[in-house]
Amino acid sequence: MSSTQSNVASPKGIYNLKDEPDHLLVLVHGILASPSDWTYVEAELKKRLGRNFLIYASSCNSYTKTFTGIDGAGKRLADEVMQVVRKQETLKKISFLAHSLGGLFARYAISVLYTPNNSGHPYDLSASTKGLIAGLEPINFITLATPHLGVRGNKQLPFLLGVPFLEKIAAPLAPIFIGRTGSQLFLTDGKPNKPPLLLRMASDCEDGKFISALGAFRYRVLYANVSYDHMVGWRTSSIRRETELVKPPQRSLDGYQHVVDVEYCPPVPSSSPHFPPEAAKAKEAAQNAPTMQNTLEYHEIVEEEMIRGLQQLGWKKVDVSFHSAFWPFFAHNNIHVKNEWFHNAGAGVIAHVADGINQQEKQQESSAYITASL
């Protein structure tokens, strides 16, 4: 009789694809969402990925818990991941796939879970591992429509239509509706003389080794909606300056509908992000007496510093365009197929994600085989 277990989903969202999986893939949902957002993705990954994957849909930050702050949600996620790792002793590798705000939760969580790899990892057959996440070798860090630069600034929160007056009043209103998370997304959290959380998360600082944790992953991939995403703008989800946004091709890549472009951006060496006195002054003005001028000034300073910090690492940037989809305005939920019936235009995106993970897994296996043969 075979000892292989059937694929069963536990209440916490685990899909056990093999008796002894060695690669944990954590799925992290976005704002006001739940693990059910990943129903389609879980099913597709179960079909497409190797049987060594343990797929886990996080449930610790469901619905209004996403309002309690990126840092608070990130710490809860880190605790949840550690619980999974302790229960499954065969795990050796870890990856994250996150949607929207979940990408920021995941970035905070990995800084909590990060430890420098000073003595070498017992399962690492190369010298390239720069650190461990939850005691495991970090492989993929993938985000789908995540506001890495926050939502402050022109067209970063697209449903405001780029209207300066609406963008100005959105910042002070955001904490009323979405709590501490709102002030962090609009970069107005904390005292005027302290950098906002998202700027601190673009560096290694006393709050955490954010860049070192991200840099420990072998692959960092950003999927960004070029247009029709009413929640997250193209610039913030792809970590680009306005001048770096180039109109992408209209035609989809073969086999991956609505995936229109893939670009590898190598690391850009620079000093750590700064929070100069003029930024503190602009932040105080944006907090206490926001005007279109001081709001713009503050955002331009902080956005540039965040980009400089995050571009110290290499990224693969994948542009997605639902312009030809039946419901293009559902782009924010299409990109991760939140509902198979309403958002199935994103099936090609999920296929692209899964095939990318598979390709990298096979490359690793080949490298391990060659190294072991030497």
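1. A search of the whole structure finds 15 salt bridges, a salt bridge being a side-chain nitrogen of Lys or Arg within 4 Å of a carboxyl oxygen of Asp or Glu. The model is predicted: local features need pLDDT of at least 70, side-chain atom pairs count only at pLDDT 80 or more, and totals for chains, interfaces and linings use all residues. Residues are numbered from 1 along each chain as its sequence is written, and side-chain values use heavy atoms, with hydrogens and water left out.

2. Overall make-up. The protein has eleven helices and twelve strands; these are DSSP runs, numbered from the N terminus, with helices being H or I of at least four residues and strands E of at least two. Of its 374 residues, 55% count as buried. Here buried means under 20% relative accessible area, exposed means over 50%, and partly exposed lies in between, with a 1.4 Å probe and protein chains only. The protein exposes about 16500 Å², and carbon and sulfur atoms supply 56% of that area. Accessible areas come from the Shrake-Rupley method with a 1.4 Å probe, and for residues only the protein chains shown count as cover.

3. Contacts along the chain. A contact means heavy atoms within 4.5 Å. Among contacts between residues at least 6 apart in sequence, 76% join residues at least 24 apart.

4. E44 pairs with R48, and their closest N and O atoms are 3.3 Å apart. Both residues lie in helix α1 (residues 39–48), four residues apart, which is about one turn of the helix. E44 counts as buried, at 11% relative accessibility, whereas R48 is partly exposed, with a relative accessible area of 32%. The pair belongs to a network of salt bridges that links E44, K47, R48 and D355.

5. Salt bridges between distant parts of the chain. E303 forms one with R235, the closest N and O atoms being 3.1 Å apart. E303 is in helix α9 (residues 292–310) and R235 in helix α7 (residues 234–238), 68 residues apart, and the pair links these distant parts of the chain. E303 is buried at 10% relative accessibility, and R235 is buried with a relative accessible area of 8%.

6. R241 and E304. These two also form a salt bridge, with the closest N and O atoms 2.9 Å apart. R241 lies in the loop between α7 and β11 (259–265) and E304 in helix α9, so the pair ties together parts that are 63 residues apart in sequence. R241 is partly exposed, with a relative accessible area of 22%, and E304 counts as partly exposed at 29% relative accessibility.

7. Nonpolar cores. In soluble globular proteins, nonpolar side chains tend to be buried together. A nonpolar core is taken as a set of buried Ala, Val, Leu, Ile, Met, Phe, Trp, Tyr and Cys residues joined through side-chain atoms within 4.5 Å. The largest has 60 residues, of which L24, I70, L77, V81, F96 and I133 touch the most other members. Helix α3 (residues 101–113) gives the most to this core, with eight residues. Another core, of 32 residues, lies apart from it and has Y223, A325, A351 and V353 among its members.

8. Which residues does L77 touch? Not counting residues up to four places away in sequence, L77 touches V26, V28, S58, C60, N61, F105, A106 and A109. Of these, C60 counts as buried, at 13% relative accessibility.

9. S59. This residue lies in the loop between β3 (53–57) and α2 (70–87). S59 counts as partly exposed, at 24% relative accessibility. Leaving out residues up to four places away in sequence, S59 touches P35 and E80. S59 and L27 are 32 residues apart in sequence and 9.4 Å apart in space, C-alpha to C-alpha.

10. A nonpolar surface patch. F326, W327, F330, W341 and F342 make a patch of about 730 Å². Patches are made of residues with over 30% relative accessible area and no salt bridge; like charges are joined within 9 Å, and nonpolar side chains (Val, Leu, Ile, Met, Phe, Trp, Tyr) within 5 Å. F342 is found in the loop between α10 (331–334) and α11 (347–373), and counts as exposed at 52% relative accessibility.

11. Cysteines. How many disulfides does the rule give? The count comes to zero, where a disulfide is a pair of cysteine sulfur atoms within 2.5 Å. C205 is partly exposed, with a relative accessible area of 24%.
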